[in-house]
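Here are my notes for a colleague who has not seen this entry before. Please read them with the structure open.

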Amino acid sequence: MVKLALALIDNTNQTEEYQQLQQTCKSAKNQLADIYDDRQKTEIRIKDYLQLSVLQTRMHKALVEYRKQQGLYSQAGLAKSQALSNENARTIIAMQVCFKGVARR
């Protein structure tokens, strides 16, 4: 009878220890799952950051090229305006010379 009582106590102790080990195992498993999820989220953030960085670089290059083209277009417009101004100045001078010649007669 004593052996049976001791066996029952031993069995109860082992059951409690087993349940504690199960809880520890479950807790460790949950921690590993959380670590894995965090790692995946971090990898996704890094990938997104790298893609954004590449897009920003491309956008910067495109903006620099756009500003360059805009400057060239403005210079061409200015050159055209100056050419027209010079043409008008020559026409005015030619007309003044012509009118002076007519006024002298």
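How many salt bridges does a search of the whole structure find? The points below lead up to that count and then take the pairs in turn.

1. The model is a predicted one. Its protein chain has 1 helix and 0 strands. That helix, α1, covers residues 2–104.

2. The overall dimensions go with this. The C-alpha atoms fill a box of roughly 155 × 15 × 5 Å along the principal axes. The radius of gyration of the protein chain is 45 Å, whereas a compact globule of 105 residues would have one near 13 Å.

3. Of the 105 residues, 0% count as buried. The accessible surface of the protein chain is about 10300 Å², and carbon and sulfur atoms account for 61% of it.

4. Side chains of opposite charge can pair when their charged atoms come close. The search of the whole structure finds 2 salt bridges.

5. One of them joins the side chains of Arg-39 and Glu-43, at 3.0 Å from N to O. These residues are 4 apart in helix α1, so about one helical turn separates them. Arg-39 is exposed, at 56% relative accessible area, and Glu-43 is partly exposed, at 43%.

6. Another salt bridge links Glu-87 and Arg-90, with an N to O distance of 3.5 Å. Both residues lie in helix α1, 3 residues apart, which is about one turn of the helix. Glu-87 is partly exposed, with a relative accessible area of 43%, while Arg-90 counts as exposed at 51%.

Conventions. Residues are numbered from 1 along each chain as its sequence is written. This is a predicted model: local features need pLDDT of at least 70, side-chain atom pairs count only at pLDDT 80 or more; totals for chains, interfaces and linings use all residues. Side-chain values use heavy atoms; hydrogens and water are left out. Helices (H or I, at least four residues) and strands (E, at least two) are DSSP runs, numbered from the N terminus. The radius of gyration is taken over C-alpha atoms; the globule rule is 2.2 Å times the number of residues to the power 0.38. Buried means under 20% relative accessible area, exposed over 50%, partly exposed in between (1.4 Å probe, protein chains only). Accessible areas come from the Shrake-Rupley method with a 1.4 Å probe; for residues, only the protein chains shown count as cover. A salt bridge is a side-chain nitrogen of Lys or Arg within 4 Å of a carboxyl oxygen of Asp or Glu.
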